[in-house]
Amino acid sequence: MSEQRYQYSTGETIPDYAPPTRWQRLRAAIWRERLMYLLILPGVIYFLTFTYLPLMANVIAFQEWNPFRASLEGPIKGFFSGPWVGLDQFRLMFTDPHFTNALINTIQIELLLLIFAFPAPLLLALLLNSLVSDKMRRTMQTIVYLPHFLSWVIIISMWRQFFGGTGIVNQTLQELGLGTVNIMYNPDLFKGLVVAQSVWKEVGWGSIIFLAALTKIELSLYEAAVVDGAGGWRRMLDVTLPGIRPVVILLLILTLGNMFSVGFEQFFLQRGAVGAEASEVLDTFSYFRGIQSFDYSFATAVGMVKSVVGLALILGANWLAKKFGDEGII
Amino acid sequence: MSTIQQTNPNQPEISSYIPPVGAEKRRSRLFRRRKAAPWMEDIPWWLAALKALTLVIIALMMLLPFWNVVAVSFSSAQDVMQGGFTLWPNNPTLESYKALLSGGTVIRSMRVTMLLTLVGTAIQVAFTTMMAYGLSKPGVPGSRFFFILVLIAFMFQPGMIPVYLLVRELGMIDTYASLVVPGLIGAWNLIIMRNFFQNLPQELLDAARIDGASDIGVFRHIALPLSKAVIAVIALFTGVGLWNTFFNAILYLNDSAKWPIQVVLRQYVLEGSTITSAADFAPGQPPPPAESLQMAMVVLATVPILLVYPFLQKYFAKGVLTGAIKG
Amino acid sequence: MDRRRLIKTGVAASTVAAASPRITFAQTPEASPAAAAMATPVGEIDENGFYPSGDPAVPDAWTKMPEPFKATEGVPGKGGEVTALVMTYNQPPTPKDDNPYWQGLEERLGVTWNPILVPFASYGERAAAEIASGELPDFFYLNPGQTSTPLQRFVLEGAFLDITDYVTGDNLQQYPNLASFPDYMWETAMMNGRIFGVPTPDRRPGRVPGFRIDWSEQLIGKRPENADEAFEVFVAMSKNDPDGNDSDDTWGISKYGTGWDVGLFHQIFNVPPLWRVTDDGKFEVQYGLEEYRQAVEFMRNLYAEGAYHPDAAAMGFEEAQNLFRTGRTGLHNDGSPIYGQNGVLATLRQYQPDARVENLIPFGADGGQGITYHSAGTFGYTALPYSVTDEERIHELLSILDWFSSPFGSEEWLYKNFGEEGVHFNYNENGFPVGTDALDQQNAGLTGYMGGSIMVNWNADEPELAPLATDEMRAIYELGVDNPARNLYSPSMIENSGIMFQTVTDILNEIVVGRRDLDALDDLYEAWQSNGGEEAAREYEEAWAANQGE
């Protein structure tokens with residue numbers, strides 16, 4: 001029973017006040033934010049059409065799928081056409097001796113990348129941001145992202161020019177009488193080499209997003225810090241880093257999600273130089289055993305494992321970030 | 001709604017700038033640095049030197065190889081024969097560029113690619129920005145669900161053949177749409193942009209609402225101008241991606257007249273120096289060396305898009321924020 | 001990768017501008033059998049300039065351009081459209097509206113020609129996508145050796161039309177040019193005894209590497225004739241500065257891709273081309289043989305002594321070719337012609353004006369005779385889609401392929417390769433056609449490798465060189481050995497060849513560069529066997545026995 005409320009001043013009774021129900025609130029919110037849906041919906045349609053719809057074809061990971069026989073059934077039914085083999089493809093993958101090797105290589109390289117290649121763009125952005133001269137900063141920014149545009153074919157060729165068997169480094173060492181070093185053809189050094197190449201290629205490009213984030217930090221915060229007596233380092237720690245923290249956390253989480261995709265071309269091109277054992281990563285493994293032979297079922301199975309684990313990592317990292325007081329991304 | 005300028009904390013803020021006098025003036029001239037915001041003290045000389053050294057090393061490491069690429073692209077056979085690391089060719093020649101640019105194929109393809117990049121970037125950035133903003137606003141029912149949709153799309157990418165069949169069913173084969181629409185919204189770009197929008201100061205947006213602006217109005221007049229930096233970044237990422245279109249073009253296009261520049265140029269490089277282009281070379285002259293051709297190709301494939309960054313840079317330097325909160 | 005030069009060199013052993021440096025055989029040394037064969041042609045050149053090779057598998061030579069004649073009757077097409085999946089190594093041709101060559105081609109064929117050009121490196125993927133779509137173009141180019149063997153599985157599954165009935169027996173006479181193809185060509189387009197496409201002719205005599213004979217004479221006084229001399233000369237090329245410029249910038253061998261043997265080192269040790277069949281029908285793969293072990297040991301030692309370029313393990317085709325053409329290595333195998341404007345010498349002479357190059361025919365390791373590997377004889381074939389059932393349409397398509405296959409000297413051949421006189425080509429003083437800029441831009445890869453004429457040796461600049469090329473090819477052919485599995489069908493190979501070869505390559509690389517020693521050859525053989533090699537051998541044996549039984 002609702003209570004009658006009695007307004008003493010005028011002598012009237014105020015009609016019932018019942019807090020709105022959940023559904024009413026929902027409908028009100030939807031109506032209020034209706035224009036937001038206008039902004040969201042085209043994108044949703046896009047993702048449903050171009051990601052989720054073709055993603056359903058991933059069922060071929062549970063078949064021995066043959067593109068031609070599938071084509072006879074038509075585009076949609078075709079993906080359900082192949083002989084069903086359950087988890088066979090996955091079993092083949094996990095029992096393949098090269099898979100373990102590829103997995104270990106991939107994880108090791110990714111960890112090295114996280115330690116060296118993730119902070120590097122951030123440090124570079126901080127360095128560039130602290131430049132006084134606008135012109136110099138812009139020039140440096142342009143210079144520093146040049147390597148990103150070169151293809152791996154060119155980059156590896158360049159690195160060979162420097163560090164290869166007849167490269168400049170070796171020539172100089174020989175002239176100095178110090179013998180030669182084997183950098184580009186050394187399986188033991190390969191992981192370090194790969195990380196160095198990645199840092200060189202991407203540090204400038206990766207710093208772009210941090211630079212953009214740094215511009216968002218309010219000047220007034222710096223002024224306030226100075227008033228409080230903070231010196232350069234303190235300002236960095238208390239204003240700058242916290243200011244870009246959301247972006248850093250975000251990128252960290254996304255990078256973790258992409259953990260198993262350390263690259264393809266870079267490893268494919270140097271496979272002959274250092275041997276398969278050192279250079280096999282999940283993507284090359286998937287290529288040689290799957291795509292090259294048009295065994296799409298196998299390739300899809302590998303891709304699914306990568307995706308599932310990646311998603312788990314993202315969710316885990318997100319949970320961890322929240323535990324540390326961050327908002328996380330979800 | 002007035003625009004509010006923010007200046008870089010390292011830049012002098014004109015209004016509160018106190019010109020240096022006396023010893024301070026001498027010192028600052030000595031170091032040839034414009035005085036930073038008055039609250040910033042000079043950093044110790046050794047730190048400045050270290051910074052300078054680091055920057056010089058980094059600049060050299062990045063610039064030298066690229067410089068070499070350009071130098072080799074202008075090299076003639078004699079230069080290549082001398083070997084070593086070319087920084088300036090002794091006998092510069094335009095032969096490689098002439099070989100690549102004569103015949104009209106490369107130029108035609110460049111036009112095509114530029115158009116594709118400009119229009120495609122505009123479309124893709126527009127859709128990405130709209131969705132990112134829509135997802136960033138708190139209090140929209142279902143927004144979290146849609147975002148998780150995007151996140152899963154980020155992790156799970158469909159295979160080449162299913163997407164090919166879809167593009168085919170939609171009738172997009174052999175159209176430029178097939179190069180733009182399948183990648184319309186990059187999940188990575190979307191997530192980053194959404195994050196930026198989320199970190200816009202909520203007070204500003206609310207203030208505008210209170211002042212009577214509609215949702216779309218807030219989007220257009222407050223949020224967008226404040227986000228120039230991130231939009232510029234995403235536009236850059238998108239533009240470069242479109243400029244580098246390679247595999248999608250091979251997969252979806254039938255008419256080789258539509259080939260973007262990366263596909264066309266790679267056909268030259270892998271050809272080496274002779275075979276088909278024999279007639280493109282000046283008659284009676286030997287063909288340019290393979291290295292030179294290859295580097296000229298790299299230059300042609302890269303420089304146009306490189307030139308875009310400086311134009312976008314101004315959006316990084318100037319954000320839009322200071323004073324708006326304090327008022 | 002060397003095969004892509006194939007058709008251009010096959011149809012025109014060397015051609016183009018009169019501006020190329022004049023090279024005569026006066027510079028060829030006398031000693032080798034090849035050179036002896038090359039000094040004077042063995043046979044007779046008749047008054048038309050025709051020089052017969054004496055063997056259907058060896059290309060004939062022409063020293064004069066024959067009068068154009070018609071090789072087909074009427075116009076093959078019926079006015080409709082023809083689509084084709086075309087593999088290309090070229091930049092795109094001028095768009096049709098501005099392309100008189102393309103328009104002229106359509107007139108002569110009587111159809112609208114709408115090719116889908118696909119860069120060769122990505123051909124496999126696009127082909128798979130087309131197959132998955134179920135709507136195949138009218139012409140589909142397949143090349144088991146080049147585009148990828150795994151595509152062959154789709155042939156087996158019926159993606160392509162079985163045209164055996166249309167191109168055998170009396171029916172073949174409808175297509176006069178196809179009728180002139182020797183059997184070994186048709187065999188490469190066959191599977192399980194059925195024909196699935198029209199082959200594209202290629203040379204049958206194998207390819208031998210190009211060799212710096214001037215360096216060899218300088219370093220060891222002669223051409224190498226046994227394994228020891230070969231070892232000596234290649235190491236010397238790396239160490240003894242043959243180009244005399246006081247700088248350590250020459251090496252013996254240009255190696256690219258997976259070919260440590262460079263077309264020579266397997267051959268001198270009598271290693272069979274992948275498979276060998278014993279008298280009682282057993283198939284043995286080369287990796288398990290003693291000859292292979294010897295060859296690998298030889299290459300390993302060469303590498304240890306520095307005869308290979310230090311970056312050889314990772315070197316790509318262009319770089320290896322470039323090293324040879326700029327005078328920094330002494331041995332390279334890519335099938336390029338030596339003479340002519342596209343030839344090796346034209347580029348080489350800019351860097352080292354006194355350079356001399358010859359084709360090095362493999363000798364025996366012990367000083368006797370070596371072997372050469374026969375080429376497949378075709379560069380792929382063109383298949384029709386399974387869905388085409390209308391007899392008229394099939395006849396139309398095959399007639400078009402017949403037109404493409406018109407022989408050297410015919411009107412059709414002239415247009416296909418050189419376009420229209422005055423616009424796309426001109427006759428030079430020797431009476432041979434020479435293409436213009438317009439030709440290169442307009443016919444760039446337009447028909448790809450679909451159909452082609454039987455190979456003939458001819459040289460636009462120096463016609464007298466053509467018969468000598470024929471003689472050299474005959475000498476190569478006589479030493480030739482074939483892969484007995486060439487036209488046999490093995491499901492295991494089709495499915496697993498990618499991983500089988502990759503594993504072998506990985507281990508071989510390790511052995512040659514010295515990271516593992518020679519005993520790893522056992523691992524190599526094991527890997528091959530377990531990845532599908534054992535099964536493949538059995539399947540070949542069955543197919544072989546079935547063939548013998550016929």
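This is a predicted model: local features need pLDDT of at least 70, side-chain atom pairs count only at pLDDT 80 or more; totals for chains, interfaces and linings use all residues.

## A helix and its neighbours

How many of the 11 residues of H6(A) are buried? The count is 9, so H6(A) is largely enclosed by the rest of the structure.

## How H6 meets H7 in chain A

Two packed helices are described by the angle between their axes and the distance between the axes. For helix H6 (residues 119-129) and helix H7 (residues 134-144) of chain A, the packing angle is about 155° and the axes are 10 Å apart. Because an angle over 145 degrees counts as roughly antiparallel, H6(A) is roughly antiparallel to H7(A).

On the H6(A) side, the contact is made by Leu124(A), Leu128(A) and Asn129(A), while H7(A) brings Arg137(A), Met140(A), Gln141(A) and Val144(A). Sorted by class, the residues in this contact of H6(A) with H7(A) are 4 nonpolar, 2 polar and 1 charged.

## Chains A and B as a whole

Stepping back, chain A has 17 helices and 2 strands. Its C-alpha trace spans about 105 × 70 × 30 Å along the principal axes. The radius of gyration of chain A is 28 Å, whereas a compact globule of 330 residues would have one near 20 Å. Of the 330 residues in chain A, 49% are buried. Among contacts in chain A with a separation of 6 or more, 63% are between residues 24 or more positions apart.

Chain B contains 16 helices and 0 strands. Buried residues account for 55% of its 327 residues. Of the contacts in chain B with a separation of 6 or more, 69% join residues 24 or more positions apart.

The domain assignment of chain C gives domain 1 (68-205 + 376-453) and domain 2 (210-373). Taken over C-alpha atoms, the centres of domain 1 and domain 2 of chain C are separated by 34 Å.

Helix H12 (residues 317-325) of chain C is mostly covered, with 7 of its 9 residues buried. These are Phe317(C), Ala320(C), Gln321(C), Asn322(C), Leu323(C), Phe324(C) and Arg325(C). The buried residues of H12(C) pack against helix H15 (290-306) of chain B, and within chain C against strand E9 (210-212), strand E10 (251-253), strand E13 (329-332), helix H13 (344-351) and strand E14 (357-359). After H12(C) comes Gly327(C), with a positive phi near 80°.

## Two loop residues with positive phi

Phe294(A) is not a glycine, yet its phi is positive, at about 60°. You can find Phe294(A) in the loop between helix H16 (282-289) and helix H17 (296-323) of chain A. Is Phe294(A) buried or exposed? With 3% relative accessibility, Phe294(A) counts as buried.

In chain C, Asp241(C) is a residue other than glycine with a positive phi, near 50°. Asp241(C) sits in the loop between helix H9 (227-239) and E10 of chain C. Buried means under 20% relative accessible area, so Asp241(C), with 19%, is buried.

Key:
Residues are numbered from 1 along each chain as its sequence is written. Chains are lettered from A and ligands numbered from 1 in the order in which they are written. Side-chain values use heavy atoms; hydrogens and water are left out. Axes are lines fitted to C-alpha atoms, for helices over the stretch in contact, and angles run from 0 to 180 degrees between N-to-C directions. Helices (H or I, at least four residues) and strands (E, at least two) are DSSP runs, numbered from the N terminus. Angles under 35 degrees count as roughly parallel, over 145 as roughly antiparallel, 65 to 115 as roughly perpendicular and the rest as oblique. Contact means heavy atoms within 4.5 Å. Ala, Val, Leu, Ile, Met, Phe, Trp, Tyr, Cys and Pro count as nonpolar, Asp, Glu, Lys and Arg as charged, and the others, Gly among them, as polar. Domain bounds come from an automatic or database domain assignment. The radius of gyration is taken over C-alpha atoms; the globule rule is 2.2 Å times the number of residues to the power 0.38. Buried means under 20% relative accessible area, exposed over 50%, partly exposed in between (1.4 Å probe, protein chains only).
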